[in-house]
Amino acid sequence: MPMKANRIEPRSQKTKRWKKDSPWILHIFNHKCCVTSITGCYSCQWKIKQEKKSKRGPYCSWRERLFYPCLVISFCMSVLLLFVWIESSNEYFGFDWVIFLGTGFWFFWSIVLLSFFGILAAYTSLLLVLGSLLLWEGIELYLHWCHKILILLVILTCSFFFWILFTYWKDRWLTVGLSLQVFAPYIHLSSISVMVMLSWPVAFYLIYLEGEGRIRRYQMTCYERKRNKRCNVLIKLRALQVAIGVPFFLILLCLYLLPLGIYSPCIQEKDKLGPKPNFFGHRGAPMLGPENTMMAFEKAVEHGAFGLESDVQMSYDHVPFLMHDSDLRRTTNINEVLPNASLTHPSLFDWDFLSTLNAGKWFSHPRFKPFYNMKPLSEADREKAGNQKIPKLTELLELAQKEKKSVIFDLNAPAPRHFHRSSYVRHVVSVILDSKIEQHLIFWVPGFDREYVRKRAPGFQQVGQLFSIERLTKENISRINVDYKRLFYSGLREYKAVNININLYIVNEPWLFSLAWCSSIYSVTTDNIQVLNEINHPYFFMTPSYYKFMWILMDCVSAVFIVAIFYFHWWRESQKEKLLKSTGIHTESQSISLRTGKSENQEPSHISIDPPARVMEIPWIQATLYPTLTKSVRKHPDPSCFSVVPMKKASKPEQVSKTIKTPMPGKDDVRQLVPTMKAFEPTQAPIWESTRETPLQTSLSAIEADETISCVDIPHPQKQIEKPPSIESSEESSFMFSTTSSLSFSSLRLSSKKD
């Protein structure tokens, strides 16, 4: 059956049609643009070199292979450091206060560190994603030396902060443990979703390696002399499959069985949930008013505080007053009134001088506000805060007696030169008793001289520290004041079992308050009372039956998705293998039949008649060439390529066909298959010259008319049984499928011969 040659559309016409049919976004954003941007960001090379792409083998040099784990390590360290610092948000105020004691300058250093750790994590994540995309595209990795230096600096920086955490802030890891107790069920379900998304590239790579191994085993039968070398390659491919697949499935199995080992106080039955914890306003309500001022304590009472917490010091003339710091720089205007005495201990000042200091003007200043997430003050509150003074202990006791609120405080010892250095506890007890406050409203925390306090004020509620249960029972202490991080150790269940009420300090975050609620804690000391008081149900609470249902459902759905993803990749790879094998067998059988085929009136041919390379895609070789094209070429062809458009049949195909078959030039006339200048020169035979010029002139006239090559009926190479086994016949057919430029050049040569 005669085959049809396709016309070649001009590049300009094709480009205009492509721009007309394509949406506008494809003119700006295309595959090549994206790959160029990714390569430029990763390696600072904004031009893609085609030779850097490779179908097989390593995608990067051995130096890049050694440095890529450093990138992964920096990513893991930066993300872990960011997670630890985010979970430590409950301690931001304490961190800023410690920095202030060392530098004397108040600033939100905690927020600066949070932003810095976020930048490190985002930077390493971006490089890791860009590297993965380049590997997916098959482009050689080359990380710029600037990025390499920055990655090493990230590793050193993270190592330095981890050293600080392990050396000076070990209890921060307890905060991380508490956050995992709260978020463990949700992290578990989210991790399964992440594994489902990761199963796509893992399945793709595993199935690709399996298909690569099958192809190489198939090729072994044809290349036995390379058997040993290919066996080593197969072992490497299998090792890669094991190194990728085994960790993936082990992690997935651990996630499926993780709920068997999860402990979370927030997973319990609703009837076992304890009452909402009570609130002690830490130094009043320091987010609503200046700390340790009457305005702050009044704000705490307004927001439903169960008790008021403060810090008590004694002036030089024996007046107990409220002050936390060991100097007056942060919370008063001592720098304006008496700058030389700003570092002096507050207990060395007389009350007459202390009562003149302003204790609230700093609070309304943006630079000195204690909490980053504070809401702006109203004009009335701003004016009220600016007029606050240092209060005496008796003022706090009067407010507590009036509102029936409990009072808990830390009693700080006076300076060594103070007159009441050894008797300050007894003096404070006397002041409390003289205020006529009900004794049961006093929660006595100081452990110094506790026996005297018991005898003098038996109605005080004694509050201990995290002592042993035997000691607490012996001293008849029924309440303990504990740092919230100690909740990590079995939730303090042994203390609750013997009816010891627990007060946790300092709890500011809603998730931490929810954890305390689920752990049946009696009360918490907080700076954020206005937010925690609005929580009516603990966050992240769920019943065991609901979590079990979500666990089983998530496992089943994820397993189905993962199996479907692996099956899809296996099916697609098998289709490619079938296409490749069938194409290879067809091509091989066709080549053998062409090489060994004989005719009754012909001698066997000793010359290979493989179809030469052409610009156009001929129907009988299109299937053979297509599997060898790379993915990027198939999906994103270069605009400079010729488009193949079917043409109508020529007006007189039989006449042209006869014209081609009639001439039989000598063997020495044409000696190479690729058209060159010599190959297109006319031979000595006049018949061949005339017959050769006829199709050329016809083709050139068609080109001048509509810039296309008309369709010509040419017999398929397999159907030409009567064709003599000579080079001329093969070259004659290849000549008719040459490019437009070759035809034009030939016509010029022929016209010059005529002239």
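A: Let's start with Asp327, which counts as buried at 7% relative accessibility (buried means under 20% relative accessible area, exposed over 50%, partly exposed in between; 1.4 Å probe, protein chains only). Keep in mind that this is a predicted model, where local features need pLDDT of at least 70, side-chain atom pairs count only at pLDDT 80 or more, and totals for chains, interfaces and linings use all residues. Residues are numbered from 1 along each chain as its sequence is written, and side-chain values use heavy atoms, with hydrogens and water left out.

Asp327 meets the side chain of Arg329 in a salt bridge, 3.3 Å from N to O (a side-chain nitrogen of Lys or Arg within 4 Å of a carboxyl oxygen of Asp or Glu). Arg329 is buried too, at 19%. By that rule there are 16 salt bridges.

Next, Lys404 pairs with Glu438, with the closest N and O atoms 2.7 Å apart. Lys404 sits in the loop between helix H14 and strand E6, and Glu438 in the loop between helix H15 and strand E7, so the pair ties together parts 34 residues apart in sequence (helices, H or I, at least four residues, and strands, E, at least two, are DSSP runs numbered from the N terminus). Lys404 is partly exposed at 46%, and Glu438 is partly exposed at 29%.

Arg426 and Asp449 make another salt bridge, 3.1 Å from N to O. Arg426 lies in helix H15 and Asp449 in the loop between E7 and helix H16, so this pair links parts 23 residues apart in sequence. Arg426 is partly exposed at 42%, as is Asp449 at 26%.

Finally, Glu91, Asp171, Arg172, Asp483 and Lys485 are linked in a salt-bridge network. Asp483 points from strand E9 the way Arg479 and Asn481 do, and is buried.
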